[in-house]
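Hi everyone, thanks for making time this morning. I'd like to walk you through one structure, so let me put it up on the screen.

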Amino acid sequence: MTTLKLDEQFWCTYFPTTLDGNAGAWFKTLHPGSINNFSQLKYLFLTNFMKLQKYKGDCNSIIGCKQKEGETVKDYFARFTKATLDVPGHDEGLIVGAFTWGLLIGSLSQKLMGKQPHTSAELKERVE
């Protein structure tokens with residue numbers, strides 16, 4: 001594979017032609033002469049648009065999801081399920097354990113502690 005190396009002047013000239021929509025509008029707000037090199041332009045672009053990226057949670061977002069006082073188990077389960085969708089490649093055992101751990105003390109938590117489900121499907125069935 002051959003890599004084409006071009007000078008910074010080319011990239012500073014070419015890059016703006018690839019922008020449209022919000023990115024193009026953002027670029028037009030930059031003051032002429034305010035960018036010294038392509039690295040600076042790249043940094044400003046990434047820091048401005050990085051916040052638009054969708055948050056991808058981790059296992060802490062699942063473990064940290066707890067049932068709130070006064071929240072029904074069904075509502076908690078719906079919120080918990082939504083939190084798991086933000087976490088790529090989660091483990092079934094983690095999901096079941098974290099859900100059980102986050103339940104307030106009650107009849108369902110006692111039943112789940114006794115015979116814990118092994119899959120999310122089993123968990124959903126028990127909750128319903």
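Let me start with a question: is the crossing of helix 2 and helix 3 left-handed or right-handed? The crossing of these two helices is right-handed. Before we go on, please keep in mind that we are looking at a predicted model.

Let's stay with that pair for a moment. Helix 2 covers residues 21–29 and helix 3 covers residues 38–49. Their axes are 12 Å apart, and the helices pack at an angle of about 125°. Angles under 35 degrees count as roughly parallel, over 145 as roughly antiparallel, and 65 to 115 as roughly perpendicular, with the rest called oblique. Helix 2 and helix 3 are therefore oblique to each other.

Who makes the contact? On the helix 2 side you'll find Asn-22, Ala-23, Trp-26 and Phe-27. Helix 3 brings Leu-41, Leu-44, Phe-45, Asn-48 and Phe-49. Sorted by type, the residues of this contact are seven nonpolar and two polar, with no charged ones.

Now please zoom in on Phe-49, which sits in helix 3. Leaving out residues up to four places away in sequence, Phe-49 touches Asn-22, Ala-23 and Trp-26.

You'll find Leu-19 in the loop between helix 1 (8–14) and helix 2. Is Leu-19 buried or exposed? The cut-off for buried is under 20% relative accessible area. Leu-19 has a relative accessible area of 14%, so Leu-19 is buried. Again not counting residues up to four places away in sequence, Leu-19 touches Gly-24, Phe-27 and Phe-45.

The crossing of helix 5 and helix 6 is right-handed. From helix 5, Val-73, Tyr-76, Phe-77, Phe-80 and Thr-84 meet Ile-95, Ala-98, Phe-99 and Gly-102 in helix 6. By type, that contact divides into seven nonpolar residues, two polar ones and no charged ones.

Helix 6 has another packing to show you. How do helix 6 and helix 8 pack? Helix 6 (residues 92–102) and helix 8 (residues 120–127) pack at an angle of about 25°, with 9 Å between their axes. That makes helix 6 roughly parallel to helix 8. In helix 6, the contact involves Glu-92, Ile-95, Val-96 and Phe-99, while Ser-120, Leu-123 and Val-127 take part from helix 8. This contact holds five nonpolar residues, one polar and one charged.

Let's zoom out to finish. How many helices and strands does the protein chain have? The chain comes to eight helices and zero strands. Along the sequence, the pattern reads α-α-α-α-α-α-α-α. Of the 128 residues, 27% count as buried. Looking at contacts between residues at least 6 apart in sequence, 49% join residues at least 24 apart. And for those of you who like surfaces, the accessible surface comes to about 9500 Å², with 58% of that belonging to carbon and sulfur atoms.

That's my tour, and I'm happy to take questions!

Conventions: Residues numbered from 1 in each chain as written. Predicted model: local features only at pLDDT ≥ 70, side-chain atom pairs only at ≥ 80, totals over all residues. Heavy atoms only, no water. Axes fitted to C-alpha atoms, helices over the stretch in contact; angles between N-to-C directions. Helix = DSSP H or I, 4+ residues; strand = E, 2+ residues; numbered from the N terminus. Left-handed = near helix turned anticlockwise from the far one by under 90°. Contact = heavy atoms within 4.5 Å. Nonpolar A, V, L, I, M, F, W, Y, C, P; charged D, E, K, R; others polar. Buried < 20%, exposed > 50% of the residue type's maximum accessible area, 1.4 Å probe, protein only. Areas by Shrake-Rupley, 256 points an atom, 1.4 Å probe, with all protein chains shown as cover.
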